[in-house]
Amino acid sequence: MSAHRDEGPPVGGPAPELVASGFALENADAPFLHRGLNLADMAHVLDLSRRGLVPPAARRALLELLLVAQATPAEEFPYDPELGEPYNSREAWFVAQLGDVAGWLHAGRPRREAVRIALRLHVRHQIAELVGEAVRFGRDAVARAQEHAETVMPDQTYLQHAQPSTFAHYLLSFVYSTVRDGQRLLAELDWVDTSPGGAGCVNGTRLLEDRAFVAEALGFDGVIEHTRDAMWQVDGLISVLAVASSLVSNLSKLAEDLEIWSSSEFDYVDLDHGFTRASVLMPQKRNPYSLSIIRGASGVLIGRLSGFLAVSKSPSARSDNLIYAYGEVPRALDLTLRITRLAAGVVRTLRVNADRLAEEVRGGYSQATDLAEHLVQTCDVDYRTAYLVVGRAVRNASRAGVPGVEITGEMLDRAAVEHTGHPLGLAGTDLTEALDPWRIVLSRDAQGGAAPAAVARMTTDLTARLDDLGARARERLAAFDGAEAALLETVRHATRQMEETR
């Protein structure tokens, strides 16, 4: 080994550039970690104590000071970038109060272990709360769907009329996606709700051979098996960000539709005034500001996911793939929660212009597919022939200003002659079943269709799924809160006992 290497910890304080670019950013994440760091330290001290490793006086002093730290809001705690990352500020504060006794907090545990635990404690609450907000959006959307089970509209693809449907059927498509993302979030919560405690840096510690105590004290559902993996894994965080992005992407699709449909050119829906913003210059304008927030947030979350993926591709056991996680993941989940709550408010207060939707569906040609299928059923022609005949008839009708509901058998015969050279024998036939939008909707009674009976079955199913999701999220939150409250009470009880025996 070269004799010229400069080994050992750095001498002197950090460079101001490092403080401004690194430590300041990390300290900005301290509010997400503060509570969890205190809880992690409490569990660690109790673990050391039960093994007889920490002297009683040191145990009492540490637990008493940790209760003080826990009662101190993060914004009032002396986190100082000049001292380094948040854990360094905590160390300086403990040393200032207790001297070398504070060193017991490091016994068998690197700083990153406490921070990894703190991140998981914070994120598990966020995920459970987010599932609750997703459930709220789903319930509001289901309630609106029940109101509009008979509100006929031309469903759209590529902003063009597709087939007759209902506003209820349209809206429920977003609920199913929300339910799936809620289920994915609970699955990811299982990953988050496991403890890296006792993992050391990569290979554990001789001081604490049983890793279960810290996990149980903090209310984790289990211990991450492999110690090196426990300390450095990020794949679950990537999954959490991906599901959050998916959830808001789904809401963004709805927001984009509503922004278009709320325009004067469409006039399908109107946003409640509380979810809009006035134009400063143009007095006639009421802008759908809430929808812009939802759409923009989707882009932000996609960017955060992409950015975290880029950071995470570093070699193994590097801090760079987690330094940014402490802020990016909680901020992404907080944004997702806010946006999901906003979308629920938009849907809950939305005014649907049923008359305008009915006018549009009756004035267009969204029944063309049903008309082609009617020809297949009644005229003994293949679907391609039926498709081309109806296409010609629709083109001729649109040029003549004839709406789809008024297409006649004679018009179809003329189109058939143009295409095949002979009529289909439809002159004088009643085409109401194939042309009336409401009758078309009523025919869609199969599973997942737009008929009111099919929609009712789906709303019943979705309500049950949402109730289950909500109950599971509340159960997890209650378990987290209960475990953390129990740990705090254990620490308070221990300090009271020690005080009585002094």
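At what angle do H2 and helix H3 pack, and how far apart are their axes? In this predicted model, H2 and helix H3 (residues 56-71) pack at an angle of about 165 degrees. Their axes are 10 Å apart. Angles over 145 degrees count as roughly antiparallel, which makes H2 roughly antiparallel to H3. The crossing of H2 past H3 is left-handed.

On the H2 side, the contact with H3 involves His34, Arg35, Asn38, Leu39, Asp41, Met42, Val45, Leu46 and Ser49. These residues meet Arg59, Leu62, Leu63, Leu66, Leu67, Ala69 and Gln70 in H3. By class, the residues of the contact of H2 with H3 are nine nonpolar, four polar and three charged.

H2 (residues 30-50) also packs with helix H4 (residues 86-98). Here the axes come within 11 Å and cross at roughly 50 degrees. H2 and H4 are therefore oblique to each other. Their crossing is right-handed. From H2, the contact draws on Ala30, His34, Leu37, Asn38 and Asp41. From H4, Pro86, Tyr87 and Arg90 take part. Four nonpolar, two polar and two charged residues make up the contact of H2 with H4.

Strand S1 (residues 152-157) and strand S2 (residues 160-166) run antiparallel. Five bridges join the two strands. Val152 stands opposite Thr166 in S2. Pro154 stands opposite Pro164, also in S2. S1 and S2 form a hairpin, with two residues between the strands. In the turn, Tyr158 has a positive phi of about 55 degrees.

One, "domain: Fumarate lyase N-terminal", covers residues 97-303 and comes from an unreviewed entry. Residues 97-303 are 57% helix and 9% strand. The end C-alpha atoms of this span lie 42 Å apart. The other, "domain: Argininosuccinate lyase C-terminal", is placed by UniProt at residues 365-441, again in an unreviewed entry. Residues 365-441 are 66% helix and 0% strand. The end C-alpha atoms of residues 365-441 lie 14 Å apart.

Technical notes: Residues are numbered from 1 along each chain as its sequence is written. This is a predicted model: local features need pLDDT of at least 70, side-chain atom pairs count only at pLDDT 80 or more; totals for chains, interfaces and linings use all residues. Side-chain values use heavy atoms; hydrogens and water are left out. UniProt positions are given in the numbering used here, feature names are shortened, and annotations may be inferred rather than shown by experiment. Helices (H or I, at least four residues) and strands (E, at least two) are DSSP runs, numbered from the N terminus. Axes are lines fitted to C-alpha atoms, for helices over the stretch in contact, and angles run from 0 to 180 degrees between N-to-C directions. Angles under 35 degrees count as roughly parallel, over 145 as roughly antiparallel, 65 to 115 as roughly perpendicular and the rest as oblique. A crossing is left-handed if the near helix is turned anticlockwise from the far one by less than a right angle, and right-handed if clockwise. Contact means heavy atoms within 4.5 Å. Ala, Val, Leu, Ile, Met, Phe, Trp, Tyr, Cys and Pro count as nonpolar, Asp, Glu, Lys and Arg as charged, and the others, Gly among them, as polar. Two strands pair if DSSP finds at least two bridges between them.
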